[in-house]
Structures are given as structure tokens and as C-alpha cells.
Amino acid sequence: MWDSLVSRLPDWAEPVVDYIIHTGLKNTLIIAAISVVLSVLVGVVLGTLLTIKFLPLRGLIRLYIEVWRGLPIIVTIFLLYFALPSVADETHLSFIDLDPMRAAILGLALWGSAQIAEATRGAVQSIPREQHEAAEALGFGWVGRHVNVILPQASRRLLPPLVSLSVGVIQNSTLASIIGVPEVLETAQRSANRLAVPTVDPATLAIEGGDSHALEIYLFVFVLFFLISFPLTRLAAYLERRLAQ
Amino acid sequence: MDALAAFDWQYIWDHKAVLWGGAKVTFELAAIGIAGSFVLGLVLGAVRAYRIPVLSQLTAIYVELIRNTPILVQIFLIAYGLPKAAKALQFDFFTVACVSLILWGGAFNTENFRAGFEAVPVRYREAAYALGLGPIKTFLNVSLPIGGRIALPSSINTYISVFKNTALMVAISVEELTNVAKQSIDLDFRTWEMIWVLAVFYLTCVWTLSFLIRLLERHLALPEST
Amino acid sequence: MKKLVIATVVAVFAAVVFTALSVAAPWSGSARAKADAANKLPALPAEVRQRRRWKIGVKCDFPPFGYINRQNKIAGYDVDVARRFAELAFGRRNRVSLTCVTTPSRIPALQRGDVDIIISTLTWTSAREEVIDYSYPYYNATGRLLVPNNSPLVSARLTALRGRRVATTRGSIYDRYIGNCFAGASKVLTDSPVAALENLRSGRADAFMFDDTFLLGIAANDSNLRMTNHKFLNVPYGIGIRKGERAMKRWVDAAILQMKRKDEFWRILRLNSPRQFWRFFLNNVPRPRTREAYPRGRVPENECPR
């Protein structure tokens with residue numbers, strides 16, 4: 001099915017589709033998957049801690065949330081990619097020296113974890129006071145109470161924002177193209193760049209190029225993202241409705 | 001921390017005119033984008049909520065197309081794709097930026113307002129009809145004030161996102177603040193100085209915006225009803 | 001149908017192998033390469049030697065210097081230079097990991113140590129030389145203007161750019177040049193050269209100022225566009241090296257000079273550019289008898305036309 005579709009494309013399009021799908025889409029999905037996992041891990045912990053009534057801790061977490069939610073993600077990525085390396089040089093903390101892919105993943109995860117933290121706080125606070133008390137009566141400490149009793153109940157409420165976040169992360173992963181990560185948009189741009197200029201094909205020595213085909217390539221990218229995101233937003237809406245019932 | 005010790009305040013000061021110019025463009029874009037997405041969302045939200053035939057379905061398609069694709073791709077399509085489809089659809093970059101911000105914000109706002117209007121109890125409208133108000137007057141006097149307030153918190157988030165999305169115009173040639181700062185980074189390697197300017201600018205604006213809007217929200221909040 | 005597909009695959013594969021062999025042929029015989037490496041070139045920097053592999057940053061959006069070709073492999077002039085470096089250092093053209101870098105990301109990638117060197121259409125500027133070192137020049141780019149056929153700029157002096165909208169890429173030497181020299185000109189900046197081209201085609205810019213190598217191929221293919229006769233900013237490309245890595249600079253300079261002596265840059269250019277353009281680039285590559293130098297002590301992007 002896929003192969004016969006691809007073989008019906010015009011001559012210039014076949015390698016472009018191949019590159020966007022096999023390199024671009026793969027990287028987009030890797031970036032999105034790792035960012036979402038990091039967002040959930042960090043966000044759930046911070047969001048739960050945010051319900052503790054200890055002011056300095058809450059202030060710190062608030063600051064974290066408001067900063068990473070407040071900055072445009074592209075500015076966060078610039079910060080991680082362009083500015084951090086000079087600090088790494090001075091302090092010998094080479095782990096903050098991020099390649100473009102990691103900078104993009106971390107930038108998205110900082111934003112995503114702030115969203116998840118906020119959602120988790122709401123979800124945890126929505127659990128009735130009696131549940132806390134009952135768990136306490138059963139002898140659970142703070143950690144055990146949250147891990148075993150509160151968070152499992154809160155997770156039902158967390159599911160819709162989590163799916164929405166995944167859509168957001170997938171779409172915002174296109175920002176990585178601005179620092180050169182070969183995700184879908186960047187591979188599309190590289191293809192358009194190649195096609196714009198006549199080059200020699202090493203396999204056939206044929207000369208190809210002269211038209212960037214930018215319209216077709218960007219439309220393909222547009223449709224590709226729609227096909228990935230649409231089922232997910234439907235799922236989020238369904239989960240939301242089920243929760244409301 | 002030499003990198004930070006070498007931080008050059010003078011450089012920022014020397015470039016204050018350029019940076020302020022960029023900030024002004026950002027404000028213009030944000031103002032147009034927010035106003036546009038308010039109007040678009042309000043109208044299309046009503047179209048959706050009252051299921052106006054054909055228009056409602058078209059709006060649904062528009063909303064799904066925008067919400068399920070990255071705004072960066074939309075910007076590229078509007079900037080470089082549309083002119084190839086029809087010469088009349090070619091706009092200068094400032095217009096492209098405004099159009100893409102409004103289309104994006106409008107789609108999210110359509111959903112916000114639709115939910116708001118749909119949450120207005122039917123009996124309120126029935127009461128208005130019973131008082132002899134026509135459908136337009138009912139909408140303006142009953143559905144809009146109540147539904148609009150219900151939609152307020154979620155539409156606020158959309159406006160803040162529209163403001164932050166102005167930074168994406170770094171991808172096309174609009175001289176807004178992120179673009180101006182990026183040029184300094186690329187040409188003069190003044191990375192920390194420019195990132196600092198960007199962070200302070202966006203955080204100040206976003207925080208002020210959400211603070212003001214929270215005040216407004218409290219002011220407009222519906223009285224507790226049961 | 002299936003047989004046809006298999007036959008095509010086999011044919012393409014054979015063609016690739018054949019071409020790869022013939023491309024490699026001019027320098028064939030790894031024995032000679034090894035001899036070169038052993039006899040004439042200085043010692044490789046320890047890190048590269050121990051790794052037994054280069055890590056080199058190249059462009060992936062800039063045909064014909066560094067781009068993703070039809071086979072979805074990195075190809076181009078810069079890439080062939082990188083592969084030749086691998087051959088000179090280790091006797092094998094594949095002993096190199098190529099990393100795609102963009103105009104804004106290439107110097108950070110070098111400074112961070114992602115790559116050993118960058119061979120990425122890096123025009124010399126004094127501002128860049130404050131943060132990195134440059135090798136001996138390996139290509140001479142000239143700035144040109146691409147305009148619509150009926151543009152008044154065709155017959156005007158370069159100063160006519162004042163008040164015009166000029167497209168180029170962000171952070172390039174042209175970005176500075178336009179800002180410094182053409183008061184009232186508005187810059188239409190994008191990250192990729194193709195976006196700049198689209199801005200010219202669509203009329204959002206009056207001219208596209210860029211390297212001749214890129215513009216020439218476009219002018220030849222688009223009958224609505226032409227290059228003007230203005231030439232400016234004749235500033236060479238160099239290979240970017242981390243500041244103060246003297247062993248690296250010694251090796252890279254020696255390799256470039258050796259390739260220049262054997263006229264290898266000209267061969268690499270011919271492999272990467274369609275035949276009809278060769279004559280335009282004759283003066284752009286280092287050849288045995290040419291002399292290249294950076295305009296050190298001058299700031300070319302501040303030397304405005306009168």
C-alpha cells in the first residue's frame with residue numbers, strides 16, 4: 001500500500017518523502033517520546049510537592065513552573081543551546097553542554113513538566129480530604145500515601161492533560177528545526193534547499209533541481225502532523241468527556 | 001564563572017534602540033493577534049454553539065486543522081505556500097505574522113467560546129425569549145455576557161500563548177524582539193546578554209499579563225450560582 | 001512489477017558502487033594516501049588519532065557545498081573535502097562522522113566540542129576570528145546579487161540598493177554588509193537560503209545577496225531571474241578550528257596546501273557542480289598556482305561601495 005503510493009509520486013518527491021518519513025518523523029517521535037516521559041516524571045513529582053504547605057518549597061516550585069511556562073519554548077531552547085555551553089566551559093560541568101537534539105528535548109521537557117506539575121497539583125487537590133485521612137489511618141507516611149492512594153486516583157484526571165501535552169510536544173518539536181535537529185520540518189527544509197539548486201546526482205550523474213517544490217513539501221508536512229495529532233486530540237476529548245460523566 | 005563575569009551591560013545599553021524597536025513590533029503583533037483572535041473566536045464560537053448549518057461544519061474543519069498542526073508549519077505555509085497557490089494570497093511578512101497569529105488564536109478561542117456559550121443554561125435563553133427578546137438580542141444580552149465570562153479563563157491562556165507565539169516570527173523576517181536578539185547572537189556572539197534580555201522581557205510581559213487578567217477575571221467573575 | 005523493482009534496485013546499486021569507485025579513483029590506492037599521511041603531513045592531534053576517526057561539521061542545507069542528496073546521504077564540496085581529510089589521516093574515506101550544522105549553530109557546535117573542525121561554507125570575518133581560528137582558505141566565494149530580469153538594479157550602481165529590500169541569510173557576512181553599507185535598505189532575513197530565494201521570487205525582496213556558487217545554479221534554471229554584474233565581498237571560506245588548537249591547525253593547513261598543490265579542490269568542484277558552471281568557478285578554488293589570503297586587518301563588510 002505505502003510502497004505503491006510512493007511509487008506513484010513524481011520523480012523528485014520519492015527521496016523527499018523517504019527522507020522526511022525515515023529520518024524526520026523518526027526523530028520527531030524520539031524527541032516527543034523522551035520529552036513527554038521526562039515531563040511526566042518531573043511534573044508529577046513537582047506537582048505533588050506543590051500541595052505541601054511549606055512556603056519556601058512551594059515558592060521554588062512555583063518559580064520553576066512560572067518561568068518555564070512563561071518563556072516561549074524557542075527562547076528556552078536558545079538558552080539551553082546557545083548560552084549554556086559558555087557556562088559549561090567555565091565550570092567544567094560538561095553535562096550541561098547539550099547537542100541540538102538534547103537541547104530540544106530538554107527545552108520541551110522543561111515546558112511540559114511545568115504544564116504537568118500544574119495539572120498534577122489540581123488533580124491531587126481534587127482528591128477528597130477523607131482519602132488522605134483514611135490513608136494516614138492505615139499507617140501510610142506522606143510518600144506512601146501519595147504513591148499508593150492519592151496519585152492512582154488523581155491519574156484519572158491527569159490523563160486528558162497528558163494526551164493534550166503529547167500533542168503540544170509533538171507540534172512544538174518543530175522548533176528544534178531552528179537549531180538544526182533533523183526532525184520533520186528540518187528534513188523538509190533540507191529537501192527544499194537541495195531541490196532549489198541544480199546538483200549532480202552521484203548515482204546517475206544526472207542534474208536535478210531548480211524548483212524547491214516548497215508548497216508541496218510544506219503541505220505534506222502539514223498533512224503528516226494532522227494525521228498524527230488528530231487521533232490524539234480526539235482521544236483527549238473522549239477522555240475528558242468520560243471524566244465529566 | 002567568566003562567562004557571566006564577562007556579561008556586558010554596556011552592550012545591551014548600546015543596543016537599546018534596536019531592542020526597543022523589536023519590543024515594539026512584538027507588542028504590535030501581540031495586540032493585533034489577541035484582538036483578532038478574540039473577535040474570530042467569539043464569532044466562530046457562536047457559530048459552533050448555535051450549530052448554524054454549513055458554517056458550523058466549516059468552522060469545525062478549520063479548528064481541527066489549526067489545532068492539530070504546528071504553528072511553525074502554518075507560518076511557513078502562509079508565508080511561502082499560499083503565494084504559490086495564488087498570487088493574491090501573498091502578504092508582506094508583518095501581515096503573514098498577524099494572519100498566522102489570528103488564525104491560530106482564533107481556532108483555540110472558537111473552542112473556548114463554544115464551550116462558554118454551550119454552558120449557558122437553556123432556561124436563561126428561554127426566559128429571554130419569553131420576555132420577547134429576539135435571537136440576536138438574546139445572544140447579546142444573555143449568552144454573550146454569561147458565556148463570555150465562563151470562557152474567560154481558558155481564553156486568557158490562549159491570549160498568553162498568542163503573545164508567546166510572536167517569538168516564532170524569528171523564522172520569517174519580522175523584526176520582532178526574538179529576531180533582533182538572534183541577530184546579535186549570530187553576528188556578535190553576545191549570547192548571554194541577549195538571552196537575558198529575552199528572558200526578562202517575556203517573563204515580565206507574560207507575568208504582568210496573567211496578573212492583570214486575573215484581576216479582570218475576579219472583576220468579571222460570575223456570582224456563585226447554584 | 002516485482003522483478004522490475006528488483007532489477008532497478010540492482011541497477012541503482014551497481015551504479016552507486018561503480019560511481020563510488022570512480023569518484024574515489026582519482027585518489028585511488030590507499031597506499032599512496034598512507035604514504036602522504038606518513039611522509040608529508042604533521043602529526044594528527046592526539047584526540048583524533050586515538051579515535052581513529054574525524055568528527056566534522058558540514059552544512060546540510062547548502063547545495064552544492066553540503067546537502068542531503070537523492071539517496072538521502074550527505075554530499076557536496078565541503079563533504080568531499082572532509083572525506084579527503086579522512087583519507088589523508090587514516091587512508092579511508094569513510095573514517096569520518098559527519099554532523100549537520102546550520103549557519104547559526106556551526107560555531108557553537110565547534111566550541112562545544114561536538115566536532116573537531118567545521119567545513120561549512122564559513123566565510124572569514126574578523127568577528128568570527130575572535131572566537132575561533134581559521135585554516136588556510138579552501139574556497140573563494142564572491143558576493144553577487146540575484147534580481148528579477150526587469151530589475152532596475154541590473155544597470156544601476158551597487159549603491160542603488162539603498163532603500164531596497166534585500167534578502168539574505170541571518171548571521172551571514174551579507175547580513176552585516178547590508179546593515180553597514182546601505183542605509184535605508186531593509187534586510188529580509190531567513191535562516192535558510194531557499195527561504196531567501198522564495199522571498200525574491202515572490203517579490204517580498206528586490207534582490208537576493210549571497211554567494212555566487214548558490215546563486216549561479218538558480219539563475220541558470222529560472223528564466224525570470226538573473227545575476228547582476230556587481231561583485232563584492234570577495235572573502236574566502238576557511239575551515240573552522242577551536243581557538244588555540246595549534247596541532248589541529250598545523251595538520252589542516254598542511255592538508256589543504258597539499259590538496260591545493262595537487263589541484264584536488266578543482267577536481268572536487270567538478271564532481272559537485274554541473275559542467276556548464278565549471279568555468280565560472282575556475283577562480284574560486286585554490287589551485288597550484290593561485291594565492292589565497294584572508295583580508296586580515298581589514299573589515300570587508302565595512303568597505304562600502306561608492
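Modeller: Let's start with chain B. Take its contacts with a separation of 6 or more: 77% of them join residues 24 or more positions apart.

Colleague: What makes two residues count as "in contact"?

Modeller: Their C-beta atoms, placed from the backbone, must lie within 7 Å. This is a predicted model, where local features need pLDDT of at least 70 and side-chain atom pairs need 80 or more, while totals for chains, interfaces and linings use all residues. Residues are numbered from 1 along each chain as its sequence is written, and chains are lettered from A and ligands numbered from 1 in the order in which they are written.

Colleague: How many helices and strands does chain B have?

Modeller: 10 helices and zero strands. Along the sequence the pattern reads α-α-α-α-α-α-α-α-α-α. A helix is a DSSP run of H or I with at least four residues, a strand is a run of E with at least two, and both are numbered from the N terminus.

Colleague: What box do the C-alpha atoms of chain B fill?

Modeller: Roughly 75 × 45 × 25 Å along the principal axes. Of its 226 residues, 46% count as buried. The cut-off for buried is 20 or more other C-beta atoms within 10 Å of the residue's own; 12 or fewer is exposed, and anything in between is partly exposed.

Colleague: Then why is B:R51 called exposed?

Modeller: Count its neighbours. B:R51 has 9 C-beta neighbours inside 10 Å, so it counts as exposed. This arginine is in the loop between α3 (16-49) and α4 (55-67) of chain B.

Colleague: What is phi of B:R51?

Modeller: Near 50 degrees, a positive value in a residue other than glycine. Most residues other than glycine have a negative phi. C:D263 also has a positive phi, near 60 degrees.

Colleague: Why is C:D263 called partly exposed?

Modeller: C:D263 has 14 other C-beta atoms within 10 Å, so it is partly exposed. Look for C:D263 in the loop between α10 (246-261) and α11 (264-272) of chain C.

Colleague: Now the interfaces. How many residues of chain B are in contact with chain A?

Modeller: 33 residues of chain B touch 33 residues of chain A. In chain B, α1 (2-5), α4, α5, α9 and α10 (191-220) each give two or more residues to that side. The largest share, nine residues, comes from α10(B). By class, the side of chain B that touches chain A has 23 nonpolar, five polar and five charged residues.

Colleague: What makes a residue nonpolar, charged or polar?

Modeller: Ala, Val, Leu, Ile, Met, Phe, Trp, Tyr, Cys and Pro are nonpolar; Asp, Glu, Lys and Arg are charged; the others, Gly among them, are polar.

Colleague: And how many residues of chain B are in contact with chain C?

Modeller: 13 residues of chain B, with 14 residues of chain C. The largest share, five residues, comes from α9(B). The side of chain B that touches chain C divides into six nonpolar, three polar and four charged residues.

Colleague: On to chain C. What makes β2 and β4 of chain C edge strands?

Modeller: β2 (61-62) and β4 (74-75) each pair on one side only. The open sheet runs β2-β3-β4 in chain C, with antiparallel pairing.

Colleague: How do you know that β2(C) pairs with β3?

Modeller: Pairing takes at least two bridges found by DSSP. Two bridges join β2(C) to β3 (residues 66-68), running antiparallel. C:D61 stands opposite C:Y67.

Colleague: What joins C:P63 and C:P64?

Modeller: A cis peptide bond, with omega about 0 degrees. C:P64 lies in the loop between β2 and β3 of chain C. Most peptide bonds are trans.

Colleague: Why is β8 of chain C called mostly covered?

Modeller: Seven of the 10 residues in β8 (residues 139-148) are buried.

Colleague: Which residue of β13(C) is the bridge partner of C:Y139?

Modeller: C:Y237. Four antiparallel bridges join β8(C) to β13 (residues 232-237). With β12 (residues 225-227), β8(C) pairs over three bridges in the antiparallel sense. There C:L146 faces C:M227.
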